[in-house]
Amino acid sequence: MNIQTLTLRDFRNYETAALELSSGVNVFCGENAQGKTNILEAVGLLSTTRLFRSGQKREAIRFGARQAEVEAAFFAEKRDMTIRALIPSAGRVQLTVNGIRQKRLSDAAGILRTVLFCPEDLMMIREGAAARRRFIDIALCQLRPNYARYLSEYNKLHENKIRILKDAEEKPSLLDALDDFSLRMSMVGGHIIRYRAYYLRSLMEKAKGIHASISGKEEQLDYQYSTVSTVSDPFASAKDIGMELWEHACQHRAAEIAVKSCLSGPHKDDLELLIGGKSAKAFASQGQVRTCALSLKLAERDMFFDDSGEYPVLLLDDVLSELDARRQDFVLNRIENGQVLITCCEPEKLAQVEGGWMFTVRQGTVERC
């Protein structure tokens, strides 16, 4: 899988830009705040329908413009394809695949596959559970389009349930619908938990091997998937898991009404990472955190390859400056296959990368060197 051309119109600080990309490594060099990361973010938007620096898509519209547009022509699954995102200043984002407008954003999930590694990911281990759920969800939404649909439905149900709980004090009749929302959330949640359990089992097997290669087998990486306490087996059928979630929701119904919050469900799941049997979040050193994050991201890339036989487009946003020389070498030695887009302020760090193209980025312009 590789992007052949990328076009930006009124996206971030770009009025217009048309890039032809190498199928190998593409290095974007320039000073800070020139727009290097914006290029990677545009590709990420087409892949995941998200902006990795901001949840508000309208922030991607260039100041003074009415809308932003990003389009890519790419080769995947032995055919040429196009994908286009239109971000209006008002209204929903529109996605078009091969000229056909998609009814739902989730319908475009997994068409252009990417793996992003940015400096914020290096602290994913230290952050709260939401950061690790986001890591899981972004990958699974691309790998399994049905998961993207379940997750979208679950999030909408969760928002509506929260609204019922918060407004029920003034409008008690709203509680008449509470059980219906809880039941449907439980059934959809069963699918989400099952997908996550299977994905994490495969991902962590790969991550363990990569971690051992970096750390010299001195420390063992392990994990625990933490979900709702009533779920006895996250690998069971979605229906069985859903019924256990429903049981938990019924037990906590009165408490949810009292605190006006949804207390149970996969929206509280966590990936607990262990290094040498100890919590990485609580006890890992800075070097251990970086090795752990690096292992997870490279394992994610390998998962995509195993699923389709094609490497996803790898997006590296200035991570080399955050890694020591040993970890830099490890990353660079593993990107010889597949397309890679790297942002870098110090191009000399990429001297060992053979082939590919280098671009200079200056305030809204991109030129190939």
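Good morning. I begin with T37, which is buried, at a relative accessible area of 16%; buried means under 20%, exposed over 50%, and partly exposed in between, with a 1.4 Å probe and protein chains only. The model is predicted, so local features need pLDDT of at least 70 and side-chain atom pairs count only at pLDDT 80 or more, while totals for chains, interfaces and linings use all residues. Residues are numbered from 1 along each chain as its sequence is written, and side-chain values use heavy atoms, with hydrogens and water left out.

T37 belongs to helix α1, residues 36-48. Helices here are DSSP runs of H or I with at least four residues, and strands are runs of E with at least two, numbered from the N terminus. Leaving aside neighbours within four places in sequence, T37 is in contact with F52, R53, D317 and T343, where contact means heavy atoms within 4.5 Å. With D317, the side chain of T37 makes a polar contact of 2.8 Å. Such a contact is a pair of N or O atoms within 3.5 Å; within protein, one must be able to donate a hydrogen and the other to accept it, and residues adjacent in sequence count only if both atoms are side-chain atoms.

I turn to the nonpolar cores, which are sets of buried Ala, Val, Leu, Ile, Met, Phe, Trp, Tyr and Cys residues joined through side-chain atoms within 4.5 Å. The largest has 69 residues, and Y199, L203, L273 and L296 touch the most other members. Helix α4, residues 178-215, gives the most to this core, with twelve residues. A second, separate core of 41 residues includes L21, F28, A76 and C118.

Next comes the sheet. Three strands form an open sheet in the order β9-β10-β11, with antiparallel pairing; two strands pair if DSSP finds at least two bridges between them. Strands β9 (221-226) and β11 (278-279) stand at the edges, each with a single partner strand, so one side of each has no neighbour in the sheet. Between β10 (residues 270-275) and β11 there are two bridges, and L274 has S279 as its bridge partner in β11.

Finally, the cysteines. How many disulfides does a search of the whole structure find? The search finds zero, a disulfide being a pair of cysteine sulfur atoms within 2.5 Å. C29 is buried, with a relative accessible area of 8%, and its sulfur lies 5.6 Å from the closest cysteine sulfur, in C344, which is too far for a bond.
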